[in-house]
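Please examine the structure shown below before reading on.

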Amino acid sequence: MNSPKTRAALVASTALLVASGAAPSVAAAHAPGHSRTSVALAWYDTTADTIATAGSSLPPVTNSRTWAISWIAAARALQHVPSGVDRRDYQDAALAAALHRSLVELVPTRAPELDAALQQTLDQTPDGPAETLGAAAGERQALEVLHDREGDGLDAASVNAPFTVPPAAPGVWQPTPPAFAPAIQNGSRFARPFLLKSGSQFRLPAPPALTSKQYQTDLKEVRDFGKLNSTVRTARQTDTANFWFDSSLALWTKPIRVALAATSHQPLLKQAELVALTNATLVDTQIATSDSKYAYPLWRPVTAIRTGVGEIPADPSWTPLHTTPAHPDYPSGHNTYAGATETVLTALVGPRTAPFTLTSVTAPGVVRTYTAWHQLTLENMDARVWLGIHTRLADEAGVKLGTEVARYGLNHAQSLFQEH
């Protein structure tokens, strides 16, 4: 692109061209444009930076909603390329404009950085009808998806709707030490999913009885391995626990990017659909997680161990390795996230990948290498036990729930990309 365009000028020019019905008769020449960088990866990084910088105070599901809306708009904008224009020029502009408009509307404090990112993409795209029509399509789809998702109940206030704590009784969730904070994410269960019919569609069966062999065995495991000063937890297990204490959204952002890079040989539309479907599925998974958590408000291990249950005597001073999050035990949200993401990525790019590394803000200096998505799921399950904040049965139930939501999403994915 030879001359700079501001956001306002871009919107005005695209609106004029669409209104006039102008259509080019020949494809735009590419010249050296084929050497330009991957627009999908560039805008993936822009989305990640936007959310990491401006969304740290928001619930994870609200940030997943931002990912989903913006990339659904991008995928829809790529579906139909007008005849007679260069496909790549059109689609690069369409994807960039869709993501730019969506993110500016959802995270307005990042508008200057997003404007610069849009400018960079357009600077790499030859001027002409392909670029202009593509940008118009991106803007249009962004506004349509944003309108469709208005009032979906995934804003921070709705997600954290107050929860009335039931009277204390064996097995019933109560606020946990040290803060004894009110429950969070109760309202997610009432939100509108992207693909599920309702948040309760895959509601888990009730957890086992407190005196059952499974519950007693799993609670003893947490008591022994999840204690702050445990003498049986190894250094490697402690490292794993600390590593996966970071947010699931943050920890899975890079693996999803690894999967996206692995599809670089595929059409841009397929790359956008991968990101859109993964994040829409994660929104639905978090809604389903909230449904099961609050349908069965099972107490956390710290409450159970301090109270005593069945063959496990009360230990009033027992303290977990890390502070317990303020919501019920069953299922583990980290593991619903893991089960869902593993399922989608396995279906779209296969179970294994080239080695990639991960870091975690809750384990400074630790770098881990992975070659399969399932490794991440297994570590998530172990970590929540070794942290002292979940029973293994809650972890396994989480993976099961996330997997079921993801399978449904994969089978109904095309409804995400239909223009309304």
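## Overall dimensions

In this predicted model, the radius of gyration is 23 Å. A compact globule of 420 residues would have a value near 22 Å, so the protein agrees with that expectation. Along the principal axes, the C-alpha atoms occupy a box of roughly 80 × 40 × 35 Å.

## Secondary structure and contacts

The protein contains 15 helices and two strands. Of the contacts between residues at least 6 apart in sequence, 82% link residues that are at least 24 apart.

## Surface and charge

The accessible surface amounts to about 16,800 Å², and carbon and sulfur atoms account for 58% of that area. The side chains include 33 positive and 35 negative ones. The centres of these two sets are 5 Å apart.

## The interior

What share of the 420 residues is buried? Buried residues account for 56% of them.

The largest nonpolar core comprises 82 residues. Within this core, Trp-43, Trp-71, Leu-95, Phe-194 and Trp-244 have the most contacts. Helix H11, which spans residues 268-295, is the element that gives the most to this core, contributing eleven residues.

Trp-244 is one of the residues with the most contacts inside the largest core. Leaving aside residues up to four places away in sequence, Trp-244 touches several residues, among them Leu-251, Trp-252, His-334, Leu-358 and Tyr-370. Its contacts also include Glu-379, Asn-380 and Arg-384.

Note on methods
Residues are numbered from 1 along each chain as its sequence is written. This is a predicted model: local features need pLDDT of at least 70, side-chain atom pairs count only at pLDDT 80 or more; totals for chains, interfaces and linings use all residues. Side-chain values use heavy atoms; hydrogens and water are left out. Helices (H or I, at least four residues) and strands (E, at least two) are DSSP runs, numbered from the N terminus. The radius of gyration is taken over C-alpha atoms; the globule rule is 2.2 Å times the number of residues to the power 0.38. Buried means under 20% relative accessible area, exposed over 50%, partly exposed in between (1.4 Å probe, protein chains only). Contact means heavy atoms within 4.5 Å. Accessible areas come from the Shrake-Rupley method with a 1.4 Å probe; for residues, only the protein chains shown count as cover. Lys and Arg count as positive and Asp and Glu as negative; His and the chain ends are not counted. The place of a charge is taken as NZ of Lys, CZ of Arg, CG of Asp or CD of Glu. A nonpolar core is a set of buried Ala, Val, Leu, Ile, Met, Phe, Trp, Tyr and Cys residues joined through side-chain atoms within 4.5 Å.
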